[in-house]
Amino acid sequence: MTTFVLATHNEKKKRELLAILLPVLGEGTEVRTAAEAGLGDIPETGVTFAENALIKAHAAAAATGLTAIADDSGIAVDVLGGAPGIFSARWAGRHGDDQANLELLLSQLRDIDAAHRGAQFRCAAAAVTPDGREFVAEGAMPGRLATAPRGDGGFGYDPIFIPEGSEKSAAEMTPEEKNARSHRRIAFDGLAGILAEQTGL
């Protein structure tokens with residue numbers, strides 16, 4: 001059995017990542033969460049999604065002696081030059097306040113018309129082995145921003161993000177619909193392929 005530690009304390013993200021990861025990594029894979037491994041919060045001091053994902057994965061691998069998997073993700077808005085980006089989770093000033101973050105972003109785009117509300121969700125997925133080898137894959141889900149929240153599913157900016165080719169917000173999609181096309185799916189599918197090729201895991 002191959003055992004990984006997943007370096008996140010976000011319960012909603014954990015469920016989403018496990019739904020993506022376990023089918024890809026296959027039977028006989030055990031994934032321990034950060035809480036189960038006794039990990040505390042790991043400061044995200046990088047300046048890119050990839051750097052933050054690697055920081056968390058290195059810390060989790062060092063603390064547990066297991067191959068660690070981590071991600072960093074966020075929303076990049078075209079007219080804001082790619083912001084909030086790595087600051088997505090604390091855009092309104094307090095980490096993890098989804099409602100405040102969403103309301104602030106909507107207020108900043110209040111006068112922006114539909115033609116200029118392009119955005120994308122971005123994700124960097126990283127794995128670090130106990131001997132320090134590191135692997136990174138990235139993914140993006142393009143779309144546009146609605147003018148008001150729609151739907152009760154998902155988390156973060158999902159209620160105002162409408163993926164390209166859809167009329168539903170990410171929060172109106174089922175988990176299966178969202179995960180099939182998401183930035184995390186793309187990034188973690190890529191990471192799983194790299195792990196299988198490079199490590200035999």
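Colleague: Which residues does Thr8 touch, not counting residues up to four places away in sequence?

Modeller: With residues up to four places away in sequence set aside, Thr8 touches Lys13, Lys14 and Ala34, where contact means heavy atoms within 4.5 Å. This is a predicted model, in which local features need pLDDT of at least 70 and side-chain atom pairs count only at pLDDT 80 or more, while totals for chains, interfaces and linings use all residues. Residues are numbered from 1 along each chain as its sequence is written, and side-chain values use heavy atoms, with hydrogens and water left out.

Colleague: Why is Thr8 called buried?

Modeller: Buried means under 20% relative accessible area, exposed over 50%, and partly exposed in between, with a 1.4 Å probe and protein chains only; Thr8 has 11%, and is therefore buried. Thr8 belongs to the loop between β1 and α1, and the buried residues of α1 include Lys13 and Lys14, both of which Thr8 touches.

Colleague: How do you know that the span of helix α1 agrees with its number of residues?

Modeller: Helices are DSSP runs of H or I with at least four residues, strands are runs of E with at least two, and both are numbered from the N terminus. The expected span is 1.5 Å times one less than the number of residues, so the 15 residues of α1 (residues 11–25) should span 21 Å, and the 20 Å between its end C-alpha atoms agrees with this. After α1 comes Gly26, with a positive phi near 90°.

Colleague: What makes β3 and β4 paired strands?

Modeller: Pairing requires that DSSP find at least two bridges between the strands; β3 and β4 (residues 118–128) have 10, in the antiparallel sense, and one of the bridge partners is Ala126 in β4 for Ala70. By the same criterion β1 and β2, joined by five bridges, are a pair, and they run parallel.

Colleague: Why do β2 and β6 stand at the edges of the sheet?

Modeller: The open sheet has six strands in the order β2-β1-β3-β4-β5-β6, with mixed pairing. β2 (29–33) and β6 (161–163) each have a single partner strand, so one side of each is left without a neighbour in the sheet.

Colleague: What makes the peptide bond from Ala83 to Pro84 cis?

Modeller: Its omega is near 0°, and Pro84 is placed in the loop between β3 (67–77) and α3 (98–108). Most peptide bonds are trans.
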